[in-house]
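Please keep the viewer open as you read.

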Amino acid sequence: MTTGGELLHRYAGAMVQVFGQPQLVLASGHGCWVTDVDGKRYLDLLSGIAVNALGHGHPALVQAVAKQAEQAIHISNFFTSEPAILLAERLLTLSMAPAGSGVFFANSGAEAIEAAIKLSRRTGRTRLVALEGSFHGRTTGALALTHKAAYREPFQPLIPEVTFVPPGDEAALRAAIDDTTAALFVEPIQGEAGVRELSADYLRLARELTSRHGSLLVLDEIQTGVGRTGHWFAHQIADIVPDAMTLAKGLAGGVPIGALVTFGGDVTGLLAAGQHGTTFGGNPLACAAGLAVLDTIEREDLLGNARRVGSLLDDLGVPGVSATRGRGLLRAIELSGIPAPAAMAAARDAGFIVNAVTPTALRLAPPLVLSDAELEGFIDALPAILATAGTAP
Ligand SMILES: *Cc1c(COP(=O)(O)O)cnc(C)c1O
């Protein structure tokens with residue numbers, strides 16, 4: 001059998017190097033555990049970056065995908081399918097969208113953002129507002145709304161007229177939004193910025209200002225949506241209704257999918273026949289997977305599980321941890337005096353997959369099926385992991 005070391009060597013000779021060198025070559029997963037090609041097991045506390053909501057190999061998802069694959073994987077958007085209609089209806093119900101709302105299915109988060117950008121152009125305005133620290137994706141449109149200079153600068157010029165404001169700064173938000181603003185894009189919790197939650201008051205102000213100026217409020221729930229925070233959608237904590245919401249990551253439990261939800265008839269009507277499209281988006285395979293994910297979250301009360309298990313991380317009291325942040329099963333552990341990449345490597349050697357989301361913070365976004373005992377196993381191991389990382393050369 002080919003070893004992980006050999007495969008990683010061949011990876012370097014076969015791939016465009018945008019991801020650098022991967023950490024491991026994974027072979028399989030079961031529940032919250034993954035196994036690499038050398039047979040070593042890891043507790044997966046990242047779930048493919050908030051994607052494998054049901055963990056690996058959940059029978060409900062496996063059966064839904066297998067059954068749909070037998071029936072039809074793809075049909076094109078000249079036709080439609082029952083799974084697509086059912087999933088759209090289900091998303092509208094869960095997001096408490098008013099009559100006239102709609103769903104556009106895509107294949108990734110960035111594509112959902114692209115659809116939202118095009119939607120915003122149909123207001124007749126072109127100016128966009130986003131937040132510092134934002135991450136909305138890597139396609140050129142989504143990249144224009146993504147704040148990190150290292151991602152943006154090699155590809156300039158991007159679409160113009162994007163203003164970035166500091167998150168949480170109410171005065172800056174008031175100053176940025178006026179009657180020429182097409183849309184404000186906000187992540188209720190900024191995942192890539194290190195799991196930084198915006199206050200309910202700030203989100204309500206965002207709603208108030210965009211409504212007052214006739215601008216669209218687009219909530220990017222690609223990372224925070226579909227139960228990740230212990231709520232179906234994170235903005236429901238602030239009790240606001242957006243004009244549009246983007247989803248992807250966990251929605252189909254690992255099968256590629258993206259979605260734009262438009263709220264109300266006026267917004268939904270902005271995109272007319274022929275103004276947007278996709279080949280793969282809304283295919284019955286991805287939609288059947290999405291339905292299985294939503295059914296399972298409901299049947300197994302995974303919202304409650306995310307809240308309960310996630311709360312074990314509220315106060316860690318572990319040396320080297322200066323703070324914890326986040327909601328449900330989207331969490332960050334802020335370290336003091338220990339570089340996050342070293343902590344990530346030490347965790348991996350100890351059998352735990354986490355992510356150095358910033359130079360000083362680890363991100364956890366485990367499957368929503370994670371048990372108390374599994375997370376306690378990590379918490380018990382954390383002091384030794386951080387001690388190792390703290391003394392690493
Ligand atoms: C991951 C992510 C995206 C981009 O999704 P892709 O599927 O990688 O294109 C956009 N916004 C947020 C908040 C994300 O977490």
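The structure holds zero disulfides, a disulfide being a pair of cysteine sulfur atoms within 2.5 Å. Cysteine 32 is buried at a relative accessible area of 2%, and cysteine 287 is buried at 1%. Here, buried means under 20% relative accessible area, exposed means over 50%, and partly exposed is in between, with a 1.4 Å probe and protein chains only.

This is a predicted model, in which local features need pLDDT of at least 70 and side-chain atom pairs count only at pLDDT 80 or more, while totals for chains, interfaces and linings use all residues. Residues are numbered from 1 along each chain as its sequence is written, and side-chain values use heavy atoms, with hydrogens and water left out.

**Salt bridges**

A search of the whole structure gives 11 salt bridges, each defined as a side-chain nitrogen of Lys or Arg within 4 Å of a carboxyl oxygen of Asp or Glu. Three of them are listed here.

| Aspartate 201 | Arginine 204 | 3.3 Å |

Aspartate 201 and arginine 204 both sit in helix α9 (residues 200-213), three residues apart, which is about one turn of the helix. Helices (H or I, at least four residues) and strands (E, at least two) are DSSP runs, numbered from the N terminus. Aspartate 201 is exposed, at 52% relative accessible area, whereas arginine 204 counts as partly exposed at 39%. Helix α9 also holds glutamate 208 and arginine 212, four residues apart and again about one turn. Glutamate 208 is partly exposed, with 42% relative accessibility. In the pair formed by glutamate 334 and arginine 325, both residues are buried. Elsewhere, salt bridges that share partners join Arg90, Asp295 and Glu298 into one network.

**Arginine 331**

Arginine 331 belongs to strand β14 (residues 330-335). Why does arginine 331 count as buried? Its relative accessible area is 6%, and the buried class covers values under 20%. The arginine 331 side chain makes a polar contact of 2.8 Å with the side chain of aspartate 314. A polar contact is a pair of N or O atoms within 3.5 Å; within protein, one must be able to donate a hydrogen and the other to accept it, and residues adjacent in sequence count only if both atoms are side-chain atoms. A polar atom of the arginine 331 side chain also lies 2.9 Å from the backbone oxygen of glycine 328. Leaving out residues up to four places away in sequence, arginine 331 touches several others, including Val195, Arg325 and Leu362; contact means heavy atoms within 4.5 Å.

**Threonine 224**

Threonine 224 is placed in the loop between β10 (216-220) and β11 (244-247). Is threonine 224 buried or exposed? At 1% relative accessibility, threonine 224 counts as buried. Beyond four places in sequence, threonine 224 touches Pro188, Ile189, Thr229, Ala234 and Leu330.

**Valine 16**

To finish, look at the loop between α1 (4-14) and β1 (26-30), where valine 16 is found. Valine 16 counts as exposed, with a relative accessibility of 65%.
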